[in-house]
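Reader: Take me through this structure term by term. For each label, I want the value and the cut-off behind it.

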Amino acid sequence: MKAAVVTDFGKPLEIQELPTPEPGPGQVLVKMEASGLCHTDIHAAHGDWPVKPRPPFIPGHEGIGPVTAVGAGVSTDLIGKRVAVPWLGSSCGTCRYCVSGWETLCEAQVNSGYSVDGCYAEYAVASAGAVVRVPDGVTSFDAAPLTCAGVTTYKAIKVARVVPAERVAVFGIGGLGHLALQYARLVGGLVTAVDLEPDKLGLAHRLGADQIVNARTHDPVEEIRKAGGADVAVVLAAAPKAFEQAYRSLNRGGRLVMVALPADDAAINVPIFETVLGGISVIGSIVGTRQDLTEVFALHAAGRTQVIAETRRLDEVNDSFDEVLGGRAEARLVFEF
Ligand SMILES: [Zn+2]
Ligand SMILES: [Zn+2]
């Protein structure tokens, strides 16, 4: 099979011909139809974060396609069914997080395209317990971005407990942001979209954002305050400055939801006095569970969300990374096979 392989941190990915993997016990083999490019894949390939993958490895955790083979102990009923291979490659199933619907916090989890090979390949093996069925009403092309960008922002809106007429500021429009703003609107939020790129703000406008702020030309804190302040601020932009601005745009009772992961082990200054008196919550939100992804697919199948993405070929992977890093991709890029 053809695969895009990270051979060393910071080096261009290599397209290699590799043996098609065999599903082990409890695993399925998935024939990729679509595989999304998430910014995390670039961080993985660069070894940007404190916990690093080990090259050589195949990135990718937005992989969609039919199951073509199953390993020992897996029902053959799954063969031919389309599934999504998400970031959560497997979890222990028995710890306090796994048994309480928070498998995304399992300390024994493995991650697709990071600690195990992922979806930038014609085939991938995945844990049968971790994949999520893709309903007929969702194309593989749309399902790919929903599998990380979708579920991650859906979860962020859920943990923020947005209620109708609250203002939700979304910092960073693009692969994640264009979906975050749709989920915020679905639960009745008034959305402020903040970005540096006019194209992305145009996209936010088309998708129904109530307020648009270009953070290159205007101070987002001031603009959001003029509109009454944010009750929720979701940070999807990896610049620490965006986190500070998001915090300062909050009303009393506000919730800051941190989603983006800056390259360095960055920190922001949280003023204790204002946080206590203002009843401010600071929440970290990491991807979403299998149930969250099932809900994301159900909403999409019902026509409630739109995925904005462009197709690329797997051998364009290095140019695609440059497009994302240069802010030139409008939203998501998806490799189609
Ligand atoms: Zn991702
Ligand atoms: Zn666990």
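Author: The largest cavity has a volume of about 80 Å³. This is a predicted model, where local features need pLDDT of at least 70, side-chain atom pairs count only at pLDDT 80 or more, and totals for chains, interfaces and linings use all residues. Residues are numbered from 1 along each chain as its sequence is written, chains are lettered from A and ligands numbered from 1 in the order in which they are written, and side-chain values use heavy atoms, with hydrogens and water left out.

Reader: Which residues line the largest cavity?

Author: Lining residues have an atom within 4 Å of a point. Among them are Trp-87, Glu-103, Val-151, Arg-290 and Leu-293. Helices α2 and α8 each give two or more residues to this lining. Helices here are DSSP runs of H or I with at least four residues, strands are runs of E with at least two, and both are numbered from the N terminus.

Reader: How does the lining of the largest cavity divide by class?

Author: Six residues are nonpolar, three polar and two charged. Ala, Val, Leu, Ile, Met, Phe, Trp, Tyr, Cys and Pro count as nonpolar, Asp, Glu, Lys and Arg as charged, and the others, Gly among them, as polar.

Reader: Why is Arg-290 called partly exposed?

Author: Buried means under 20% relative accessible area, exposed over 50%, and partly exposed in between (1.4 Å probe, protein chains only). Arg-290 has 34%, so it is partly exposed. Arg-290 belongs to helix α8 (residues 290-301).

Reader: Which atoms coordinate the zinc ion (ligand 1)?

Author: They are Cys-38 (SG), His-61 (NE2) and Cys-148 (SG), at 2.0 to 2.2 Å. Donors are N, O and S atoms within 2.8 Å of the metal (3.2 Å for Na, K and Ca), so these three qualify. Water is not among the atoms, so sites may look incomplete. Along the chain, the donor spacing is C-x22-H-x86-C. Cys-38 lies in the loop between β4 (34-37) and α1 (39-46), and Cys-148 in helix α2 (residues 140-159), so the pair ties together parts that are 110 residues apart in sequence.

Reader: Are Cys-38 and Cys-148 buried or exposed?

Author: Cys-38 has a relative accessible area of 4%, so it is buried. Cys-148, with 6%, is buried as well.

Reader: How do you know that β12 and β13 pair?

Author: Two strands pair if DSSP finds at least two bridges between them. Four bridges join β12 (residues 190-195) to β13 (residues 211-214), so the strands pair, and they run parallel. Val-194 has Val-213 as its bridge partner in β13.

Terms used. On a 1 Å grid over the protein atoms alone, a cavity is a set of points where a 1.4 Å probe fits but cannot get out, and a pocket is an open set with protein on both sides within 12 Å along at least five of seven lines; lining residues have an atom within 4 Å of a point. Grid points are joined across faces, edges and corners, and a volume is the space filled by probe spheres set on the points.
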